[in-house]
Amino acid sequence: MDIAAIAALAPVIPVLTIDRLEIAVPLARALVKGGLPVLEITLRTDAALDAMRTVAAEVPEAVVGAGTVLNPMQLQQAHMAGARFAVSPGCTSDLAAGVAAMDMPFLPGVQTVSEAMTLADRGFHLLKFFPAGAAGGMGWLKAVAAPLSGLRFCPTGGVDESTAASFLALANVACVGGSWVAPQQAVSAGDWRRVERLAAAAASLKRS
Ligand code: 3PG
């Protein structure tokens, strides 16, 4: 599956920061059960790589990817841990070259038109718009729709249940990413039913 096919699996990609390995599998199962199979586990905690490995092995219905991939070494580590795609908040030449060498589905982050054009030149046509809320939100996406007509975006960062539907209604939005489907409070309390309910609501959102 390429990144467009992965993004087509669900309207929302949960962004997960997992600090305890033991929550990884129940969290992933609740999200998948709610209808969100594409999971981004950020490389921001010591438990992240083990969490990825464990979810990849124990929750086969999930399509697990690595988030916050900042350099080729992290890309390699994520690949070894079973990540099936990678997401970055921005992109460097090294990272783009690493992705090309590894043939890993990749969702690189952009915040400006020039960054989007540079990545399009490198063959990336589905981009993470990050941080979507702080960088212009829906106004930015509407404004670039005509000049960057060949590109589609996954806005992430500041997207939540109150705004996701409006983002998804835009023709150049393929899917959205966000942490709201796995609130810290619910995760700490092991409230997997709440996570499943939030996932089900997110999974039912319509795309344009
Ligand atoms: C992040 O980097 O944490 C993601 O973009 C998620 O952002 P959010 O917590 O605003 O959904």
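The model is predicted, so local features need pLDDT of at least 70 and side-chain atom pairs count only at pLDDT 80 or more, while totals for chains, interfaces and linings use all residues. Residues are numbered from 1 along each chain as its sequence is written, and side-chain values use heavy atoms, with hydrogens and water left out.

Helix α2 (residues 24–34) and helix α3 (residues 48–58) pack at an angle of about 55°, and their axes lie 9 Å apart. Helices here are DSSP runs (H or I, at least four residues) and strands are E runs of at least two, numbered from the N terminus. The axes are lines fitted to C-alpha atoms, for helices over the stretch in contact, with angles running from 0 to 180 degrees between N-to-C directions. On the α2 side, Ala24, Val25, Ala28 and Arg29 meet Ala51, Thr54, Val55 and Glu58 of α3 (contact means heavy atoms within 4.5 Å).

Which residues of α3 are buried? They are Ala48, Ala51, Met52 and Val55, where buried means under 20% relative accessible area, exposed over 50% and partly exposed in between (1.4 Å probe, protein chains only). Viewed down the axis of α3, these buried residues fall within an arc of 100°, so they line one face of the helix; the arc is that of the directions from the helix axis to the C-beta atoms. Their packing partners are α2, β2 (38–42), β3 (63–67) and α4 (72–80).

Elsewhere, Ala135 is found in the loop between β7 (126–129) and α7 (137–145). Ala135 is buried, with a relative accessible area of 15%.
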